[in-house]
Amino acid sequence: MVSQLTAINIAKMITIAIVIGLIAIVGISDQRQILYACMHISYCVWWLVEQRIYPERRTFLFQEKVGPIGLISAILIIGVFYSLPAFLAFFNPNPLTIAATATAIPLFYFGSLINTSADVQKMTAKTLGRDLVSDGIWSKIRHVNYSGDLMRYLSFAVVAGSAWAFLVPLSIAALYLQRIGEKETSMGAKYPDFAAYRQRTTRLIPWVW
């Protein structure tokens, strides 16, 4: 038995290995491949390094235990399936367009910044003994960490340059929609001031939903 976080960490390392393997096997033929490799590898490395910089992350996140099936599922879904845009990027013979580059880079960096800032603020608040976190980066969107993560995975799909690559952010969005429903219910029951917080914010997309 390992924690879900350990399973995810193993999956992230497999993703890194897949992208490096694609570089070794396919090579770099265009800006598309080098940009994709830099983005996805740097994200996975940051995921691992962040747990060293902020040890509290290992305390609050994904502490449920999983057996061999859970570990294998994490590897296949997070490690392999989430690498689908990498395969599509490295086997895409078309040059990366300026429009795709200009779209993907802001999505990636702002998504990463939003996701990390949200996690750090919530971890800090929990460490200080606070309950509902509803200020700062959480003041307008109730699940802003998910918003940032989806922006990042959308950037991978844009760089890949294939409609099939959007299966990954779509599947992650479906997972997050399920989690949002569960969290909204549990937070409403746990925090008396959640109803007021919900009235002045959106779930995932600013001013939309």
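Does Phe108 count as buried or exposed, and at what relative accessibility? At 4% relative accessibility, Phe108 counts as buried, where buried means under 20% relative accessible area, exposed over 50%, and partly exposed in between, with a 1.4 Å probe and protein chains only.

Before I continue, a word on the basis of these values. This is a predicted model, in which local features need pLDDT of at least 70 and side-chain atom pairs count only at pLDDT 80 or more, while totals for chains, interfaces and linings use all residues. Residues are numbered from 1 along each chain as its sequence is written, and side-chain values use heavy atoms, with hydrogens and water left out.

I turn to the aromatic rings. The structure holds ten aromatic pairs; rings of Phe, Tyr and Trp (its six-membered ring) pair if their centres lie within 6.5 Å, and planes under 30 degrees apart count as stacked, over 60 as edge-to-face and the rest as tilted. Phe108 and Phe156 form a tilted pair, 5.9 Å centre to centre with 40° between the planes. This pair links distant parts of the chain, with Phe108 in helix H6 and Phe156 in helix H7 (residues 144–160), 48 residues apart. Helices here are DSSP runs (H or I, at least four residues), numbered from the N terminus. Phe156 is buried as well, with a relative accessible area of 0%.

A second pair, Tyr146 and Tyr176, is stacked, at 4.0 Å centre to centre and 10° between the planes. Tyr146 lies in helix H7 and Tyr176 in helix H8 (residues 167–190), 30 residues apart. Both of these tyrosines are buried. Ring pairs also link a cluster, among its members Tyr43, Phe108 and Phe156.

The structure holds one cavity of 30 Å³ or more, a cavity being a set of points on a 1 Å grid over the protein atoms alone where a 1.4 Å probe fits but cannot get out. About 50 Å³ of space lies in the largest cavity, the volume being the space filled by probe spheres set on points joined across faces, edges and corners. Its lining residues, which have an atom within 4 Å of a point, include Tyr43, Trp46, Trp47 and Arg152. Helix H2 gives the most to this lining, with four residues.

Finally, two lysines lie over tryptophan rings. The charged end of Lys12 sits over the ring of Trp47, 5.2 Å from its centre, and that of Lys122 over the ring of Trp138, at 4.1 Å. The criterion is NZ of Lys or CZ of Arg within 6 Å of the ring centre and within 35 degrees of the ring normal.

Methods
1 Å grid on protein atoms, 1.4 Å probe; cavity = no way out; pocket = protein on both sides within 12 Å on 5 of 7 lines; lining within 4 Å. Helix = DSSP H or I, 4+ residues; strand = E, 2+ residues; numbered from the N terminus.
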